[in-house]
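Here are some notes to read alongside the model, written for someone opening it for the first time. Keep the viewer handy.

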Amino acid sequence: MTLNILKICHISLRQTLRLTGALLFLVVLLKPLSADSAPKATEIRNESSNKKTLLLIGDSLSAAYNMKTSDGWVALLEKQLQNSYPNWQVVNTAVSGDTIENAIQHLNSYLTKGQPDLILIEIGGNDGLRGHPLPNIQKNLESLVKKALSATPNVGVMEIMIPPNYGPIYTQKFRAIYHNIAQKFSVALIPFPLDKIATDPSLMQADGLHPTAAAQPLLLEQVWPEIRDLVNK
């Protein structure tokens, strides 16, 4: 009887440890998506009447995750614009952990306060990392792009890619969504910001998903040519 009880306890403990391990894995995976650890959206400041506004809609990639806001690529973009196009300002509404549905809400909220001249969309990574159905991702991203185009014809969509461990079919179809939408709505497609960065461990944080502060200038360099073309429109 005692041996049977010990055997049952042993199995129960083993199952508990496995479950605990699985939960810890999910916590580690989703930590970058946690609202508690994520930087808050940049406060929307009052716009100068004589300046044009670049509105950025995004997630942790554009929210300077785990670093000073001033080190993030969006802050570096604003400095670049101040040097080359001083009549432009940047409003960053990116929030770490945001999905496309969150981004639609942020855009709706912003449009009640101001009218942007250029909208950059960097969103969808969290939808992919959470394994959302691809048709839903495309539908929501199309809704976001339509909303952006209702505010300004000058819209750019950043290509987003997810890690290959989600399988070649899902990852390839996920990436294709951005190309399809850019073509369908005739908006600019901006290259994946982490191209040649994500595969260099020295430029990525320990989670393997977010670039380091040192990588931010390289990230800006990757997307600047297309952003510059949109600013020059």
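This is a predicted model: local features need pLDDT of at least 70, side-chain atom pairs count only at pLDDT 80 or more; totals for chains, interfaces and linings use all residues.

1. Let's begin with H5 and H6. Helix H5 covers residues 134–151 and helix H6 covers residues 168–185; their axes come within 10 Å and cross at roughly 25°. Angles under 35 degrees count as roughly parallel, so H5 and H6 are roughly parallel to each other. The crossing of H5 past H6 is right-handed. On the H5 side, the contact uses Leu134, Ile137, Gln138, Leu141, Glu142, Val145, Lys146 and Leu149. H6 answers with Tyr170, Lys173, Phe174, Ile177, Tyr178, Asn180, Ile181, Lys184 and Phe185. Sorted by class, the residues of this H5 and H6 contact are eleven nonpolar, two polar and four charged.

2. H5 has another partner, H3. Helix H3 spans residues 100–111, and it packs against H5 at an angle of about 15°, with the axes 9 Å apart. H3 and H5 are therefore roughly parallel to each other. Here the crossing of H3 past H5 is left-handed. H3 brings Ile100, Glu101, Ala103, Ile104, Leu107, Asn108 and Leu111 to the contact, while H5 brings Ile137, Asn140, Leu141, Ser143, Leu144, Lys147, Ala148 and Ala151. The class count for H3 with H5 is ten nonpolar, three polar and two charged residues.

3. Next, H2 and H7. How do these two sit relative to each other, roughly parallel or oblique? The axes of helix H2 (residues 73–84) and helix H7 (residues 216–231) come within 10 Å and cross at roughly 50°, so H2 and H7 are oblique to each other. H2 passes H7 with a right-handed crossing. From H2, Trp73, Leu76, Leu77, Gln80 and Leu81 meet a set of H7 residues: Gln216, Pro217, Leu219, Leu220, Val223, Trp224, Ile227 and Val231. That contact of H2 with H7 has eleven nonpolar and two polar residues, and no charged ones.

4. Now for the open space. The largest pocket has a volume of about 550 Å³. Which residues sit closest to its centre? They are Met161, Ile162, Pro163, Phe192 and Leu194, out of 27 residues that line this pocket. Helix H4 (125–129) and H6 each give at least two residues to the lining of the largest pocket. By class, this lining has 14 nonpolar, eight polar and five charged residues.

5. How many cavities of 30 Å³ or more does a search of the whole structure find? It finds one. The largest cavity holds about 40 Å³ of space. Its lining is made of Ser60, Leu61, Ala64, Tyr65, Met67, Gln205, His210, Pro211 and Gln216. These residues of the largest cavity divide into five nonpolar and four polar, with no charged residues.

Note on methods: Residues are numbered from 1 along each chain as its sequence is written. Side-chain values use heavy atoms; hydrogens and water are left out. Axes are lines fitted to C-alpha atoms, for helices over the stretch in contact, and angles run from 0 to 180 degrees between N-to-C directions. Helices (H or I, at least four residues) and strands (E, at least two) are DSSP runs, numbered from the N terminus. Angles under 35 degrees count as roughly parallel, over 145 as roughly antiparallel, 65 to 115 as roughly perpendicular and the rest as oblique. A crossing is left-handed if the near helix is turned anticlockwise from the far one by less than a right angle, and right-handed if clockwise. Contact means heavy atoms within 4.5 Å. Ala, Val, Leu, Ile, Met, Phe, Trp, Tyr, Cys and Pro count as nonpolar, Asp, Glu, Lys and Arg as charged, and the others, Gly among them, as polar. On a 1 Å grid over the protein atoms alone, a cavity is a set of points where a 1.4 Å probe fits but cannot get out, and a pocket is an open set with protein on both sides within 12 Å along at least five of seven lines; lining residues have an atom within 4 Å of a point. Grid points are joined across faces, edges and corners, and a volume is the space filled by probe spheres set on the points.
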